[in-house]
Amino acid sequence: MKMCKALFLRVAIIILFILAIDSTLNHVFGATAEVDPFEATMRKHRLLGLEYKTIHKGGQVATLVASASRSNVPATIEEGIELLKYPKHEVLATGYTAGYESTGKHPESPSYGITYSGVKVKRDVFSTIAADLTIFPLGTILWIPGYGYGVVADKGGAIKGNHLDLYYETVQDVYDNWGKKTLEVYVVQKGTGELSEEQLSKLNETKIKQVFKHKINEQALNKHVSSFAF
């Protein structure tokens, strides 16, 4: 009986020793736990401002993306995934208004609020922004995390190199919502060097229709999952 106990104790010590060696080697050589591919994708999506709700029913799990209540959040999870496929560009982004403090123009000026492209400044699903046109030609569409879609419509004497100026309606909006940030933006579409009011309006109308359609689909989905526990 004593021999059995002694043998059992030795085996247990050997097993513990092996586990300790394995743990030490993993730590030394930088071995890390495998990351769930789904979780890795979710982390990337959160950089775009996407929010998720996970619902459970029985053995099934479904993930819903929150509706876009602001223009700086992709409307659907599909849209968020698509954005991740576009090339990224690091920029310094500041905010500006159509007012004197940014442009030197007064509201009574005929050119007040008119960009270099000829379109009027706009804060919408697709907003007008200023850039160095040698890097981002007029009409270039960028996704700017925390701001939304920006369409290059303007330039500026101080906007050189990797510098963007994002349009806001008031100075207070600039202070409250942006300020000055260095971040990576997604180049959705390179511009052709021109932009018209018709093109900008069409972009916003198309996107609004897509968001509206998604909301209808989401409402239908919510009816089916209304009995799930969030």
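In this predicted model, six strands form a closed barrel in the order β3-β7-β4-β6-β5-β8, and their pairing is mixed. From one strand to the next, the twist averages 45°.

Strands of a sheet pair through backbone hydrogen bonds, and the pairing can be parallel or antiparallel.

Is T97 buried or exposed? Its relative accessible area is 3%, and because buried means under 20%, T97 counts as buried. Beyond its neighbours within four places in sequence, T97 is in contact with S102, T103, Y167, Y168, E169, T170, V171 and V174. One of these residues, Y168, is 71 residues away from T97 in sequence, yet the two C-alpha atoms are 5.3 Å apart in space. The side chain of T97 also makes a polar contact with the side chain of E101, at 2.3 Å.

The last stop is helix α6, which spans residues 197–224 and contains N204. N204 has a relative accessible area of 4%, so this residue is buried too. Which residues does N204 touch, not counting those up to four places away in sequence? They are K122, D124, V125 and F126.

Key: Residues are numbered from 1 along each chain as its sequence is written. This is a predicted model: local features need pLDDT of at least 70, side-chain atom pairs count only at pLDDT 80 or more; totals for chains, interfaces and linings use all residues. Side-chain values use heavy atoms; hydrogens and water are left out. Helices (H or I, at least four residues) and strands (E, at least two) are DSSP runs, numbered from the N terminus. Buried means under 20% relative accessible area, exposed over 50%, partly exposed in between (1.4 Å probe, protein chains only). Contact means heavy atoms within 4.5 Å. Two strands pair if DSSP finds at least two bridges between them. Axes are lines fitted to C-alpha atoms, for helices over the stretch in contact, and angles run from 0 to 180 degrees between N-to-C directions. A polar contact is a pair of N or O atoms within 3.5 Å; within protein, one must be able to donate a hydrogen and the other to accept it, and residues adjacent in sequence count only if both atoms are side-chain atoms.
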